[in-house]
Amino acid sequence: MDEWNEMLDAYAYEMETASAGYEMMGRMLDRRAVVSWLKERGLDHIYIYGGGYLGVQLYQNVHEDIHVLSVVDKSGGLLVNLPEIPVIGLEEFESQYKDQTVIVTPVKFYSRIRDYLSSFVRDDRVICLGELLGGIV
């Protein structure tokens, strides 16, 4: 019975995570609102952590109005082939980071990413994309 409950809990977590990701994708369709949220928070130089769909969508929405220093991805690449998007791996990110804000786009691994970043990024400089978009977590 415990095994069944664990499976149900894991399934519920996966569905909540997917739902949050889709909600964020939907909110990012309003490009002006996304740029406005960033500017209201005084975020004019940012890193985007995550080279998946949410990271690419965020970059595409804001790069004309907000200086995106780079998209950071563990693999050093993007999920899609868009050579115009600057992307760096973790080692390069650590060596060039200088106290800018990092917006973390992966929903599922946010806690692990935040833990990793905490070794060299101040806590107040790490923002979950869901928090930025109005409290989606």
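The secondary structure of this protein comes to six helices and five strands. The model is a predicted one. Along the sequence, the elements follow the pattern α-α-β-α-β-β-α-β-α-β-α.

**Overall make-up**

- The protein has 137 residues, and 42% of them are buried.
- Among contacts with a separation of 6 or more, 59% are between residues 24 or more positions apart.
- The accessible surface comes to about 8,000 Å². Carbon and sulfur atoms account for 52% of that surface.

**Strands and their pairing**

- Strand β1 covers residues 45–49 and strand β2 covers residues 67–72; the two run parallel and are joined by five bridges.
- His-45 has His-67, in β2, standing opposite.
- Helix α3, residues 53–62, belongs with β1 and β2 to a β-α-β unit, and this unit is right-handed.
- Strand β2 also pairs with strand β3, residues 87–88, in the parallel sense, here over two bridges.
- Val-72 has Ile-88 as its bridge partner in β3.
- In a regular strand, side chains alternate between the two faces of the sheet.

**Aromatic rings**

- A pair of aromatic rings is described by two values, the distance of the centres and the angle of the planes.
- The protein has six aromatic pairs. One of them joins Phe-93 and Tyr-97, with 5.6 Å from centre to centre and 65 degrees between the planes, an edge-to-face arrangement.
- Phe-93 has a relative accessibility of 0%, so this residue counts as buried. Tyr-97 is buried too, because its relative accessible area is 11%, under the 20% limit.
- Tyr-97 also pairs with Phe-120: the ring centres are 5.8 Å apart and the planes stand at 75 degrees, so this pair is edge-to-face.
- The pair of Tyr-97 and Phe-120 links distant parts of the chain, 23 residues apart. Tyr-97 lies in the loop between α4 (90–96) and β4 (101–104), while Phe-120 lies in the loop between α5 (110–117) and β5 (126–128).
- Phe-120 counts as partly exposed because its relative accessibility is 23%.
- One aromatic cluster is formed by Tyr-47, Phe-93, Tyr-97, Tyr-116 and Phe-120.

**Salt bridges**

- Side chains of opposite charge can pair when their charged atoms come close.
- The count of salt bridges in the protein is four. One of them is between Asp-99 and Arg-122, whose closest N and O atoms are 3.0 Å apart.
- This pair also links distant parts of the chain: Asp-99 is in the loop between α4 and β4, Arg-122 is in the loop between α5 and β5, and 23 residues separate them.
- Both partners are partly exposed, Asp-99 at 32% relative accessibility and Arg-122 with a relative accessible area of 41%.
- Asp-99 forms a salt bridge with Arg-125 as well, and there the closest N and O atoms are 3.6 Å apart. Since Asp-99 lies in the loop between α4 and β4 and Arg-125 in the loop between α5 and β5, the pair ties together parts 26 residues apart in sequence.
- Arg-125 has a relative accessibility of 23% and therefore counts as partly exposed.
- Arg-122 forms a salt bridge with Asp-124, with the closest N and O atoms 2.8 Å apart.
- Asp-124 is exposed because its relative accessible area is 54%, over the 50% limit.
- Asp-99, Arg-122, Asp-124 and Arg-125 are linked in a network of salt bridges.

- The loop between α4 and β4 holds Tyr-97 and Asp-99.
- The loop between α5 and β5 holds Phe-120, Arg-122 and Arg-125.
- These loops are linked by the edge-to-face pair of Tyr-97 and Phe-120, and also by the salt bridges of Asp-99 with Arg-122 and with Arg-125.

Technical notes. Residues are numbered from 1 along each chain as its sequence is written. This is a predicted model: local features need pLDDT of at least 70, side-chain atom pairs count only at pLDDT 80 or more; totals for chains, interfaces and linings use all residues. Side-chain values use heavy atoms; hydrogens and water are left out. Helices (H or I, at least four residues) and strands (E, at least two) are DSSP runs, numbered from the N terminus. Buried means under 20% relative accessible area, exposed over 50%, partly exposed in between (1.4 Å probe, protein chains only). Contact means heavy atoms within 4.5 Å. Accessible areas come from the Shrake-Rupley method with a 1.4 Å probe; for residues, only the protein chains shown count as cover. Rings of Phe, Tyr and Trp (its six-membered ring) pair if their centres lie within 6.5 Å; planes under 30 degrees apart count as stacked, over 60 as edge-to-face and the rest as tilted. Two strands pair if DSSP finds at least two bridges between them. A crossover is right-handed if, with the strands pointing away from the viewer, the path from the first strand over the helix to the second runs clockwise. A salt bridge is a side-chain nitrogen of Lys or Arg within 4 Å of a carboxyl oxygen of Asp or Glu.
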